[in-house]
Number of protein chains: 2
Amino acid sequence: MSQTRVQHFTVSLDGFGTGEGQSLDRPFGHADGRLMDWLSETTFGKRIHGEVGGTSGADDTFLATFPIGIGAEIMGRNKFGPQRGPWTDEEWKGWWGDDPVFHTPVFVLTHHPRPTLEMDGGTTFHFIDATPEEALQQATDAAGGLDVRIGGGPSTVRDFLAADLVDRMHLVVVPIILGRGVRLWDGLEGIETRFDIESVTTSSGATHMFFSRR
Amino acid sequence: MSQTRVQHFTVSLDGFGTGEGQSLDRPFGHADGRLMDWLSETTFGKRIHGEVGGTSGADDTFLATFPIGIGAEIMGRNKFGPQRGPWTDEEWKGWWGDDPVFHTPVFVLTHHPRPTLEMDGGTTFHFIDATPEEALQQATDAAGGLDVRIGGGPSTVRDFLAADLVDRMHLVVVPIILGRGVRLWDGLEGIETRFDIESVTTSSGATHMFFSRR
């Protein structure tokens with residue numbers, strides 16, 4: 001049975017999943033790389049950026065599960081790029097270069113669809129204007145019996161949590177106070193009652209929280 | 001050298017230090033006892049309520065440090081009671097009965113001072129209209145060389161953090177989404193850079209975070 005999963009989605013201690021002021025040079029706005037510090041030196045984290053070496057340990061091991069059992073991803077448009085409104089050109093192909101890390105179909109939620117983008121390595125970006133339920137149906141159909149990752153950003157994760165569509169969520173809380181940006185938790189009062197939650201803190205100072213639907 | 005310390009102050013995953021709608025029957029508003037679930041079954045937690053028995057372990061051990069080295073506390077008026085504005089009577093003597101858990105001088109910040117209250121067991125409530133700096137000076141003078149606890153609620157902890165008066169903070173993050181209430185982190189962007197932070201998660205699911213001023 002295909003599951004809907006959030007994987008190591010990272011928030012600040014004050015609950016922001018990204019900073020303020022996203023731009024081409026600052027995908028996370030004023031947060032810059034701080035939400036991702038816990039993974040940047042890990043072996044798997046370096047591999048994402050085409051680098052070799054890196055640390056092993058709990059953070060790396062948690063991160064290395066990223067592709068396991070995933071057949072499709074759903075992401076918000078602001079994870080795909082900094083543009084807003086109608087596309088002025090279609091040159092932008094995401095932050096991840098010619099061979100994106102996904103290697104599966106990726107459904108980008110946008111009110112401004114554009115033609116499908118076939119990338120190297122098996123990643124295909126589909127641009128769809130859909131509700132969470134509709135998007136999940138399409139992604140599940142494309143996932144070939146594997147799981148669907150809800151890839152972020154915070155608004156997209158929040159929408160899928162609000163619609164009670166998430167089976168498992170691996171959340172990472174890092175000890176920084178961003179102060180501004182996009183909050184994950186708005187409107188989600190009491191959702192902890194839907195999940196069993198296990199938490200563990202690693203030596204980087206990150207707290208990994210595993211939410212499993214009851 | 002006397003230090004200013006926050007001790008096991010508890011916030012929800014979305015950063016609320018208390019719920020909405022405080023009243024005589026609901027000191028934490030709609031949060032009720034949920035922020036304190038991690039301590040309610042511990043030996044020390046039960047002792048606070050005059051009960052015996054309870055669990056041992058990391059949560060209990062962390063909690064048991066509550067009185068160690070503390071010579072005075074500063075608290076906000078809303079920790080002392082649910083009243084707002086001028087006191088309509090002075091019958092209210094706090095939530096803690098005749099023999100409060102503090103056993104030291106306690107300075108209650110309020111714009112409506114009232115006469116000092118001498119309680120059993122060494123607790124004395126002083127009601128003062130003062131800035132954080134002024135209150136800390138008075139509390140330090142009263143602490144006899146020991147440390148000063150910033151006891152909460154969230155607005156009071158926030159004010160002392162904003163004024164950079166906190167040397168050590170033991171924060172507890174619990175996996176609940178309160179959704180509304182009083183936020184701890186507002187206006188505190190970037191304060192993590194002032195502290196070394198160590199985190200550990202216990203079997204109750206609480207994450208204990210120890211902030212030590214650099």
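Between chain A and chain B the count is 6 salt bridges. Because the model is predicted, local features need pLDDT of at least 70 and side-chain atom pairs count only at pLDDT 80 or more, whereas totals for chains, interfaces and linings use all residues. Residues are numbered from 1 along each chain as its sequence is written, chains are lettered from A and ligands numbered from 1 in the order in which they are written, and side-chain values use heavy atoms, with hydrogens and water left out.

**Interface of chain A and chain B**

- Across this interface there are 7 residue pairs in polar contact, both residues at pLDDT 80 or more; a polar contact is a pair of N or O atoms within 3.5 Å, where within protein one must be able to donate a hydrogen and the other to accept it, and residues adjacent in sequence count only if both atoms are side-chain atoms.
- Strand 8, strand 10 and strand 11 of chain A each supply at least two residues of the side that touches chain B, and the largest share, 4 residues, comes from strand 10 of chain A; strands are DSSP runs of E of at least two residues, and helices are runs of H or I of at least four, numbered from the N terminus.
- In contact terms (heavy atoms within 4.5 Å), 28 residues of chain A meet 28 residues of chain B.
- The two chains bury about 2000 Å² between them, 58% of it on carbon and sulfur atoms, buried area being the accessible area (1.4 Å probe) that two parts lose on being put together, summed over both.

**Strands of chain A**

- Strand 11 (residues 207–213) runs antiparallel to strand 8 (residues 168–174), joined by 6 bridges, and antiparallel to strand 10 (residues 195–201), joined by 7 bridges; two strands pair if DSSP finds at least two bridges between them.
- Phe211(A) in strand 11 is the bridge partner of Met169(A) and also of Ile197(A).

**Leu165(B)**

- Leu165(B) lies in the loop between helix 6 (154–162) and strand 8 (168–174) of chain B.
- Leu165(B) is buried, with a relative accessible area of 15%, where buried means under 20%, exposed over 50% and partly exposed in between (1.4 Å probe, protein chains only).
- Beyond its neighbours within four places in sequence, Leu165(B) is in contact with residues including Thr4(B), Pro132(B) and Arg213(B).

Notes:
Salt bridge = Lys/Arg side-chain N within 4 Å of Asp/Glu carboxyl O.
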